[in-house]
Amino acid sequence: MSSSTPAYYNADAVRQVLSWPLVNRAVETALVAIVKQDAETHPQSTSFACQPKRSFTACGKEPGRILFTMPAYVGNYSLESPKSPGDAQQSRSTLACKLVTSFRENPARDPPLPSIHAHVLLFDNQTGQLSAIMEGTDLTTWRTVSASLVATKYLYFRRFGSQAELERSINVAIVGCGVQGQLHAAAFCANFRVKQLNLYNRTLAKAQVLADELQRTLDTESETQVKACSSAHEACQDADVICIATYAKESVIQFADLKAKQGVHINAVGAGEVHFSELAPDIYHQAKVYVDCYTNAEAELVGLPAPITAEVGQIILSENYPKETEITIFQSMGAFLLSLLNYMTISVFFKVILKFTSHCFYLRHGLGGRLCGPGGS
Ligand SMILES: NC(=O)C1=CN([C@@H]2O[C@H](COP(=O)(O)OP(=O)(O)OC[C@H]3O[C@@H](n4cnc5c(N)ncnc54)[C@H](O)[C@@H]3O)[C@@H](O)[C@H]2O)C=CC1
Ligand SMILES: O=C([O-])C1=[NH+]CCC1
């Protein structure tokens with residue numbers, strides 16, 4: 001029996017510490033760490049990241065109700081103290097498991113509920129005892145959006161030069177305006193220079209509400225024009241970058257919908273029973289496909305109508321960016337390691353919050369600093 005009750009961190013506590021610079025840095029580090037698991041490419045590394053493929057549990061005979069189990073272990077990582085950057089502290093390890101439910105009919109309930117709910121369980125890595133439970137729904141949404149931002153930075157912008165994500169203005173289309181679509185829309189405006197933001201949803205009213213909300217909250221100086229569109233074609237026809245996050249079982253975007261049929265990047269985030277059903281096969285036939293993590297891709301992308309070119313982390317490391325005219329797809333599936341490293345990074349902020357509480361959560365986990373990469377390198 002556990003000697004103490006696990007600490008519980010609710011959604012408000014997690015939400016308070018999420019910011020784009022923090023989450024993007026953590027996700028970028030994690031995408032690279034996934035590649036660094038390969039001992040041949042990093043024989044000297046003493047760090048260890050283990051993320052076995054996740055499991056799916058169908059909840060009853062009705063489709064569209066799934067429990068994902070996503071375990072991960074990050075061993076022997078060094079953390080840099082925010083007070084003394086560059087001063088790597090002793091290495092640390094974390095064992096955790098994220099549990100995510102995806103119930104796609106939830107938004108149609110009265111009152112509506114989100115489709116995705118998540119919790120993270122954290123274990124003492126010496127004794128295996130459960131030491132904390134953390135609400136993980138926002139973490140999942142932010143992590144997923146951040147993976148699209150990082151993929152766009154390296155697979156789209158960097159083809160135009162090393163500063164292009166700061167200098168170049170783009171047109172963005174968001175297809176699917178649910179939880180993911182809404183945060184993708186806000187995050188692309190917050191992180192990049194967006195000229196035109198087009199929104200498409202199966203129910204037009206939902207896209208219109210989001211367009212009104214964004215236009216209201218955007219800075220009056222902002223160059224961004226926001227428009228709700230009545231078809232995916234209208235939303236995508238001038239888009240440089242497309243983010244699609246639906247539960248569609250049949251393709252919503254065809255090759256003919258793409259701007260000039262070249263030089264477009266697509267973040268394919270959602271899908272129905274299979275991950276790649278949102279985009280028509282004719283897009284895959286013309287595109288280069290990148291994934292967050294081969295372990296899950298090999299298991300979950302069976303039948304993908306194109307070969308996988310690389311993991312995003314490999315592109316970050318190699319700087320071997322796509323050509324300007326290429327169509328690229330980031331086939332985002334979700335890797336718990338990305339959430340876990342987010343958690344490790346945000347724990348430094350929990351340290352601040354917890355200073356005034358009796359929980360010494362960060363001490364128990366030895367997570368008092370900023371993640372600086374495997375083996376402290
Ligand atoms: N890649 C990843 O890491 C993650 C992926 N997801 C996936 O992203 C997708 C969206 O998730 P949420 O935004 O949380 O769901 P949501 O239920 O909040 O939003 C889904 C939106 O898609 C629209 N939609 C559904 N079917 C459609 C169709 N056939 N055609 C056009 N639009 C359609 C709905 O009107 C709704 O606005 C899901 O497939 C979910 O599994 C969610 C979290 C992480
Ligand atoms: O990574 C994740 O948490 C998920 N991917 C698909 C649904 C939830």
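Tutor: Two residues are in contact if their C-beta atoms, placed from the backbone, lie within 7 Å. This is a predicted model, in which local features need pLDDT of at least 70, side-chain atom pairs count only at pLDDT 80 or more, and totals for chains, interfaces and linings use all residues. Residues are numbered from 1 along each chain as its sequence is written, while chains are lettered from A and ligands numbered from 1 in the order in which they are written.

Student: How many residues of domain 2 are in contact with domain 1?

Tutor: Domain bounds come from an automatic or database domain assignment. That assignment gives domain 1 (7-140 + 336-374) and domain 2 (142-331). On the side of domain 1 there are 25 residues, and they touch, in domain 2, 25 residues.

Student: Which element gives the most to the side of domain 1 that touches domain 2?

Tutor: Helices (H or I, at least four residues) and strands (E, at least two) are DSSP runs, numbered from the N terminus. At least two residues of this side come from each of α2, α3 and α11 (336-354). With nine residues, the element that gives the most is α2.

Student: How is α2 oriented relative to α3?

Tutor: Axes are lines fitted to C-alpha atoms, for helices over the stretch in contact, and angles run from 0 to 180 degrees between N-to-C directions. Helix α2 (residues 20-35) packs on α3 at about 70°, with the axes 9 Å apart. Angles under 35 degrees count as roughly parallel, over 145 as roughly antiparallel, 65 to 115 as roughly perpendicular and the rest as oblique. The angle therefore makes α2, relative to α3, roughly perpendicular.

Student: Which residues in α3 meet α2?

Tutor: The α2 side of this contact consists of V23, N24, V27, E28 and L31. Their partners in α3 are W142, R143, S146, A147, L149 and V150.

Student: Which elements give two or more residues to the shell around ligand 2?

Tutor: Ligand 2 is surrounded by F68, V100, S102, I116, A118, T140 and G334. Two or more of the shell residues come from each of β5 (88-103) and β6 (116-123).

Definitions and conventions. A residue is near a molecule or strand if its C-beta atom, placed from the backbone, lies within 6 Å of it.
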